[in-house]
Amino acid sequence: MSAADFLLSPAVQAILKLAFSEPARAFAADDFARQAKLALPEVEATLAHLASSGVLVQADTADDQPPAWCANTAFVFYAELRRIALKSFAAAEPLRAMLRSKFKGQVERAFLLGEDPATQMLSLLIVHGEDAPDKAVLDQALKKLIKSRAIHQHVHALVMPATRFDALKAGDNLLAQLAVDTCIDISPSPQRKPATKAAATQPVGLLEKARRRLAGLTRA
């Protein structure tokens with residue numbers, strides 16, 4: 001299940017995933033149905049709902065072309081919806097699942113740093129432990145996400161060891177990217193807080209017990 005299921009139906013998520021991946025491109029109902037793997041009647045009903053709500057806008061097309069829709073970047077909640085999409089079904093969840101299944105035990109932290117406004121390419125930071133993910137395997141896994149349509153945006157991955165990540169200092173450009181609101185933590189598993197050792201208790205001897213008891217009687 002997607003974290004956005006309580007807000008958006010699966011059909012809406014599938015259509016927005018495609019529309020938001022290329023906001024300037026218009027898609028016909030057949031395009032949405034084929035690429036989102038949905039039945040055409042469901043797509044047409046969902047498009048009508050999204051268009052009437054202002055989320056999508058109908059594009060100008062030639063008379064011999066079918067109607068087409070694209071993301072309405074002027075919609076009042078466009079930025080929020082896009083962030084919800086990236087934070088859940090459109091990017092974060094598929095990428096986190098891939099890292100968890102393909103590189104379990106290797107990836108310690110992972111972050112979606114943002115996207116290039118011109119190309120919509122996503123920037124992914126992967127922090128690894130002692131063993132780094134194999135570059136060829138990682139590239140293949142990212143390509144598979146695109147091919148399976150789990151995501152519709154290309155991903156540029158930056159891989160670094162945890163020692164280098166932990167050594168980042170104030171003023172570092174990467175540290176600044178991690179601090180902005182658009183950065184999304186997609187680590188394969190939640191970071192566990194360091195275990196705190198319980199304070200060691202010294203055994204209380206008979207003499208100490210007697211002293212405490214006497215002190216109690218004196219206060220009484």
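Which residues have the most contacts inside the largest nonpolar core? Ile15, Leu16, Phe32, Val43, Leu47 and Leu56 do, in a core of 29 residues. By nonpolar core I mean buried Ala, Val, Leu, Ile, Met, Phe, Trp, Tyr and Cys residues joined through side-chain atoms within 4.5 Å; buried is under 20% relative accessible area, exposed over 50%, and partly exposed in between, with a 1.4 Å probe and protein chains only.

Please note that this is a predicted model, in which local features need pLDDT of at least 70 and side-chain atom pairs count only at pLDDT 80 or more, while totals for chains, interfaces and linings use all residues. Residues are numbered from 1 along each chain as its sequence is written, and side-chain values use heavy atoms, with hydrogens and water left out.

Two or more core residues come from each of α1 (10-21), α2 (29-36), α3 (40-53), β3 (68-71) and α4 (78-87). Helices (H or I, at least four residues) and strands (E, at least two) are DSSP runs numbered from the N terminus. The largest share, eight residues, belongs to α1. Another core, of 21 residues, lies apart from this one and includes Val107, Leu142, Leu145 and Ile184.

Let me turn to α4. Its buried residues are Tyr78, Leu81, Arg82, Ala85 and Leu86.
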